[in-house]
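Student: Could you walk me through this structure and show me how to read its features?
Tutor: Gladly; let us look at it together.

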Amino acid sequence: MSGAATPGGLVGLLQSEGFVDVVIERKEQSREIVAGFGLPGAEEYAISAYILARKPIR
Amino acid sequence: MADDNIKTRVLENYARIARQGGTCCPAGTGDEPSQAGARAGYRPEQLGAVPDQANLGLGCGNPVVRAGLTPGQTVLDLGSGPGLDALLAAERVGPRGQVIGLDMTPDMIARAEANAAQAKAANVRFLLADLEHLPLPEASADVVLSNCVINLCPDKRAVYREIFRVLRPGGRICIADVLLERPLPESLAQDPKAWCA
C-alpha cells in the first residue's frame, strides 16, 4: 500500500486519461479490511474502495 | 523504493504465495483465506462455487458483484492471481461471454489455469502480462476488473492508460483497491511488507 494513490489524485488521473463518471466508493468494511493486512495502524491512513468509471462512447 | 525494486519484490512475494499458499499479508494476522475473503465481501456460497485453491485471501473487495456483469460480456481481470474473480466473472458472463485474467507471476498463472480446469470453466483463460503493457487489442473489453493490485504498480498512469485503450467505447471499470487518505508515517511507508500488501 505504500505506493497507493490518493482518492483525489486518482480521480484526476482517470479524468485526464479520458474516463468519465469517475466515482470512488469507500467500502463499508474498509477499516477491517485494511487492519487485516497486519500492518499495525495502517487503517488510520489507508482505505479500501471501489473505483468506478466509464470510457465515453465518443 | 525504485520502481524496478518494487516490481521485483511484488513478483517474488506473489510467486511465493502461489507456490506455498498464505496471504499477501504478514504472518501472525491469524487469518485464513476464507476469513479474509468474507471480510472483503465474498459470500460463502460464492467461495463454495470455486475450487478452494482459487481463494488465497488476496482481495480487498468483491468487484465481480459490484460490477453488475451481464451474460455475453468480455471481461478482463488485471492481476488475476489464482483466478477467484475470473472464475466468478466467468459464471456471470456465461458461455457467450469470456473472461481473460492477466498476471505478471508465472506461478499464479499456472495456479489459475489449474483452478479453471478443476472448475471446468471453458470461457476463461489466463495470460502472463505486465499490466502496464496489456497484450490485447484496443476496444476489446466491456468491463475491466481488478482486486487490490493496481496499488502495487509503480506506474499507475500507464496501467489506466492501457485499460482505457482496451476498453470498448462505453466500457466500464470496477476496481477494488487500496487508497491513501493520508500519507503513511515514514516507519510504515518504508516497511518492505507495506510495498506488497
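Student: What percentage of the 58 residues in chain A do buried residues make up?

Tutor: A residue is buried if 20 or more other C-beta atoms, placed from the backbone, lie within 10 Å of its own, exposed if 12 or fewer, and partly exposed in between. Buried residues make up 41% of chain A. Keep in mind that this is a predicted model, where local features need pLDDT of at least 70, side-chain atom pairs count only at pLDDT 80 or more, and totals for chains, interfaces and linings use all residues. Residues are numbered from 1 along each chain as its sequence is written, while chains are lettered from A and ligands numbered from 1 in the order in which they are written.

Student: How many residues does the contact take from chain A and from chain B?

Tutor: Two residues are in contact if their C-beta atoms, placed from the backbone, lie within 7 Å. Here 38 residues come from chain A and 44 residues from chain B. On the side of chain A that touches chain B, S2(A) gives the most, with nine residues.

Student: What is the strand order in the open sheet of seven strands?

Tutor: Two strands pair if DSSP finds at least two bridges between them. The order is S1(A)-S2(A)-S5(B)-S4(B)-S1(B)-S2(B)-S3(B), with mixed pairing. The edge strands, S1 (20–26) of chain A and S3 of chain B, each pair on one side only. S2(A) and S5(B) (residues 167–180) run antiparallel, joined by nine bridges; A:Arg54 has B:Arg172 as its bridge partner.

Student: Why is S2(B) described as largely enclosed by the rest of the structure?

Tutor: Five of the six residues of S2(B) (residues 98–103) are buried, so the strand is largely enclosed. Five bridges join S2(B) to S1(B) (residues 74–78), and the two run parallel. The chain crosses from S1(B) through helix H5 (residues 84–93) to S2(B), and this β-α-β crossover is right-handed, that is, with the strands pointing away from the viewer, the path from the first strand over the helix to the second runs clockwise. On the other pairing, S2(B) is joined by five bridges to S3(B) (residues 124–128), again parallel. The crossover from S2(B) through helix H6 (residues 106–119) to S3(B) is right-handed.

Student: Is B:Glu138 buried or exposed?

Tutor: B:Glu138 counts as exposed, with 12 C-beta neighbours inside 10 Å. B:Glu138 sits in the loop between S3 and S4 (141–147) of chain B. Leaving aside neighbours within four places in sequence, B:Glu138 is in contact with B:Arg165 and B:Val166.

Definitions and conventions: Helix = DSSP H or I, 4+ residues; strand = E, 2+ residues; numbered from the N terminus.
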